[in-house]
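Visitor: I would like to learn how to read the features of a protein model. Could you take me through them one by one?

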Amino acid sequence: MRAVFFSDAHLRGADDEGCGLLLSFLREASRNLDHLFIVGDLFDFWFSKGGVVYPGFQPVIDELAAMQGRGVKIHLFEGNHDFYLAHYFTRCHGIEVFTDETLLRLDGKQIYIAHGDLVDETDRGYRLLRRVLRSRFFFGLQRLLPLSLLWRFARLSSDASKEYLAKPQEGLATKMEAFALEKFEEGIDAVILGHCHLPAIRTHTVGAGQRHFVLLGDWLNHRSYLVMDSGVFDLCYYVGKPF
């Protein structure tokens, strides 16, 4: 079994350099792949209505649908920038969408996967905002507004989010590793998280077994991704060469 994981591409449109590289990566990866896990924030914003999506996202969406058609199982996680994904991806393309964390068994290992934005329990302001943005009220409100207006507002919001992405993430990475250690004590074999934007992979010995902690980094700056091949984990970086 061969699986690839990546997160935090924060795509803003087809004219992004990262979008073109991501398309090349997906086409190459799908030649030898069973599962693709996109662990949140594939898009820097997301609104859709009636099957209509932001035009700049269509090339990546088409490629994911084509991969699914070629037999690659796509697993799409919501992040803190893109949610309400199932209303489009599951209904229109049959792609599995996770709104939060999940626990899967792959190659005999128990794998915990989440975007990671809820790991820091001290960030109460963000947790409140998250509840509001994912509420039925907000969902209903955004469905009433024209998509062009929502997309314009989202682009402005994504410009402002660059300030957050520029902040040091080492403190969050430390909290995420402590979170993973707790999961290891529960019998989890690997914890895979996004959101932090710092790529890292560490192996811990718990009892008689090896446990793996992975921060996926991001596609935005690092072009980092994780390969799980026959139970072996490898954190890699895409430089536009053959996969």
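Guide: Here is a walk through salt bridges, backbone angles, a cavity, a pocket and a surface patch. This is a predicted model, so local features need pLDDT of at least 70 and side-chain atom pairs count only at pLDDT 80 or more, while totals for chains, interfaces and linings use all residues. Residues are numbered from 1 along each chain as its sequence is written, and side-chain values use heavy atoms, with hydrogens and water left out.

Visitor: Let's start with charges. How many salt bridges does a search of the whole structure find?

Guide: The general idea is a distance rule: a side-chain nitrogen of Lys or Arg within 4 Å of a carboxyl oxygen of Asp or Glu. Here the search gives 10 salt bridges. One of them joins the side chains of Asp 229 and Arg 2, at 2.9 Å from N to O. Asp 229 belongs to strand β10 (residues 224-229) and Arg 2 to strand β1 (residues 2-6), so this pair ties together parts that are 227 residues apart in sequence. Helices (H or I, at least four residues) and strands (E, at least two) are DSSP runs, numbered from the N terminus.

Visitor: Are Asp 229 and Arg 2 buried or partly exposed?

Guide: That is read from relative accessible area: buried means under 20%, exposed over 50%, and partly exposed in between (1.4 Å probe, protein chains only). Asp 229 has 32% relative accessibility and counts as partly exposed, whereas Arg 2, at 15%, counts as buried.

Visitor: Which residue forms a salt bridge with Asp 100?

Guide: Arg 130 does, with 2.7 Å from N to O. Arg 130 sits in helix α4 and Asp 100 in the loop between β4 (96-98) and β5 (102-106), so the pair ties together parts 30 residues apart in sequence. Arg 130 is buried at 13% relative accessibility, and Asp 100 is partly exposed at 35%.

Another salt bridge links Arg 202 with Glu 177, where the closest N and O atoms are 3.1 Å apart. Arg 202 is in strand β8 and Glu 177 in helix α7 (residues 170-185), so parts 25 residues apart in sequence are tied together. Arg 202 is partly exposed, with a relative accessible area of 38%, while Glu 177 is buried at 15%. Salt bridges can also form a network, as they do for Arg 27, Glu 63 and Arg 70.

Visitor: Now the backbone. Where does Asp 41 lie?

Guide: Asp 41 is in the loop between β2 (35-39) and α2 (58-69). Its phi is near 55 degrees, a positive value in a residue other than glycine. Asp 41 counts as buried, at 1% relative accessibility. His 195 also has a positive phi, near 75 degrees, and lies in the loop between β7 (190-193) and β8 (199-206). His 195 is buried, with a relative accessible area of 8%.

Visitor: What is the volume of the largest cavity?

Guide: First, the terms. On a 1 Å grid over the protein atoms alone, a cavity is a set of points where a 1.4 Å probe fits but cannot get out, and a pocket is an open set with protein on both sides within 12 Å along at least five of seven lines; lining residues have an atom within 4 Å of a point. Grid points are joined across faces, edges and corners, and a volume is the space filled by probe spheres set on the points.

By this rule there is one cavity of 30 Å³ or more, and the largest cavity has a volume of about 40 Å³. Its lining consists of Trp 46, Phe 47, Ser 48, Tyr 84, His 87, Phe 139, Gln 142 and Arg 143. Helix α5 (residues 136-144) gives the largest share, three residues.

Visitor: And which residues are closest to the centre of the second largest pocket?

Guide: That pocket has a volume of about 220 Å³. Of its 16 lining residues, Glu 101, Tyr 112, Ala 114, Leu 118 and Val 119 are the closest to its centre. Both β6 (109-114) and α4 (124-133) supply at least two residues of the lining.

Visitor: Finally, which residues make the nonpolar surface patch?

Guide: Patches are made of residues with over 30% relative accessible area and no salt bridge: like charges are joined within 9 Å, nonpolar side chains (Val, Leu, Ile, Met, Phe, Trp, Tyr) within 5 Å. Accessible areas come from the Shrake-Rupley method with a 1.4 Å probe, and for residues only the protein chains shown count as cover. Here Phe 137, Leu 141, Leu 144, Leu 145 and Leu 149 make a nonpolar patch of about 520 Å². Helix α5 gives the most to this patch, with three residues. Leu 141 is in helix α5 and counts as partly exposed, at 37% relative accessibility.
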